Amino acid sequence: MRKLDSKTIIVASHNAGKIAEINDLIGPMGFTAKSAKELNLAEPDETGTTYEENARIKALASAMASGLPALSDDSGLAIDALDGAPGVYTANWAEREDGGRDFAWAMEKVERALEEKGALAPDQRKGRFVSVLCLAWPDGHTETFRGEVEGEIVWPPRGTAGFGYDPIFKPEGYETTFGEMTAEEKHGWRPGDAEALSHRARAFKLLVETGLTL
């Protein structure tokens, strides 16, 4: 992996929850993080059909606009009974006609879709959160890292922590949803830890183990 020569890294996102999680992960590594939102960088159109493509689009846009390395995340919820939907269109499922996003409404949409499929039993409601992190440099070089966590879609939503679809996702081996977990429980991971729980933390673990250095 290419060595970073900057202690400042751009978090290529305007999503407050995502920015907070990435800051939690990279802060202990000695980086100063600035978000695309606070720098008023434009949000690029996510025209890719894979997480990797969209992550590259976002990271490259911020890196080239700022002249600094940028780290992006493209993530989604893939549900087996829905043939992998909402997948890369996870955020789109939350979009209202006024242009805003309503994840409570999006979670209801997921539940209705599962009910229409007759997916009512726990073993019929399996899925996974996927995160692809992309680290991009202003010269166009990129590296991507993918993390996944298996789990079950529950209803009704449980918990008010996290963001997005966290209240309806119960990771495999746990009795609590992401929405019921503290930030440390969900994505707390430090170099040397054997395991990481969340999809984003697992992708970050791969990034660090590949050789993220200052």
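This is a predicted model: local features need pLDDT of at least 70, side-chain atom pairs count only at pLDDT 80 or more; totals for chains, interfaces and linings use all residues.

Visitor: Is Pro 191 buried, partly exposed or exposed?
Guide: Buried needs under 20% relative accessible area, and exposed needs over 50%. Pro 191 has 45% relative accessibility, so it counts as partly exposed.

Visitor: Which residues is Pro 191 in contact with, leaving aside neighbours within four places in sequence?
Guide: Gly 164 is 27 residues away in sequence, and the C-alpha atoms of Gly 164 and Pro 191 are 27 Å apart. Contact means heavy atoms within 4.5 Å. With sequence neighbours within four places set aside, the partners of Pro 191 are Met 29 and Val 208.

Visitor: How many helices and strands are there in the chain?
Guide: Read the pattern along the sequence: β-α-β-α-β-α-β-β-β-α-α. That reading goes with five helices and six strands.

Visitor: What is the radius of gyration of the chain?
Guide: The globule rule gives 17 Å for 214 residues. The chain comes close to that, so it is as compact as a globular protein of that length. Its radius of gyration is 17 Å.

Visitor: Which residues of helix 1 are buried?
Guide: Helix 1 covers residues 16–26. Cover for its buried residues includes strand 1, strand 2, helix 2, strand 3, helix 4 and helix 5. The buried residues are Gly 17, Lys 18, Ile 19, Glu 21, Ile 22, Leu 25 and Ile 26.

Visitor: Which residue caps the N-terminal end of helix 1?
Guide: Look at the backbone nitrogen of Gly 17. A side-chain oxygen lies 3.0 Å from that nitrogen. The oxygen belongs to the cap, Asn 15.

Visitor: Is Asp 166 buried or exposed?
Guide: Asp 166 sits in the loop between strand 5 and strand 6. The cut-off for buried is under 20% relative accessible area. At 2% relative accessibility, Asp 166 is therefore buried.

Visitor: Which backbone nitrogen does the side chain of Asp 166 reach?
Guide: Beyond four places in sequence, Asp 166 touches Phe 129, Ala 161, Thr 177, Phe 178, Gly 179 and Lys 186. Its side chain also reaches a backbone nitrogen at 3.1 Å. That nitrogen belongs to Phe 163.

Visitor: What is the relative accessibility of Gly 179?
Guide: Gly 179 lies in the loop between strand 6 and helix 4. Its contacts beyond four places in sequence include Arg 158, Gly 159, Thr 160 and Asp 166. Gly 179 counts as buried because its relative accessibility is 2%.

Visitor: Which residue does a cis peptide bond join to Pro 156?
Guide: Most peptide bonds are trans. Pro 156 is in the loop between strand 5 and strand 6. The omega of its cis bond is about 5°. The partner is Trp 155.

Visitor: What is omega for the cis peptide bond that joins Ala 85 and Pro 86?
Guide: Pro 86 lies in the loop between strand 3 and helix 3. For the cis bond from Ala 85 to Pro 86, omega is about 0°.

Visitor: What is the phi of Asp 83?
Guide: Most residues other than glycine have a negative phi. Asp 83 is not a glycine, yet its phi is positive. It counts as exposed because its relative accessibility is 70%. The phi of Asp 83 is about 55°.

Conventions:
Residues are numbered from 1 along each chain as its sequence is written. Side-chain values use heavy atoms; hydrogens and water are left out. Helices (H or I, at least four residues) and strands (E, at least two) are DSSP runs, numbered from the N terminus. The radius of gyration is taken over C-alpha atoms; the globule rule is 2.2 Å times the number of residues to the power 0.38. Buried means under 20% relative accessible area, exposed over 50%, partly exposed in between (1.4 Å probe, protein chains only). A polar contact is a pair of N or O atoms within 3.5 Å; within protein, one must be able to donate a hydrogen and the other to accept it, and residues adjacent in sequence count only if both atoms are side-chain atoms.
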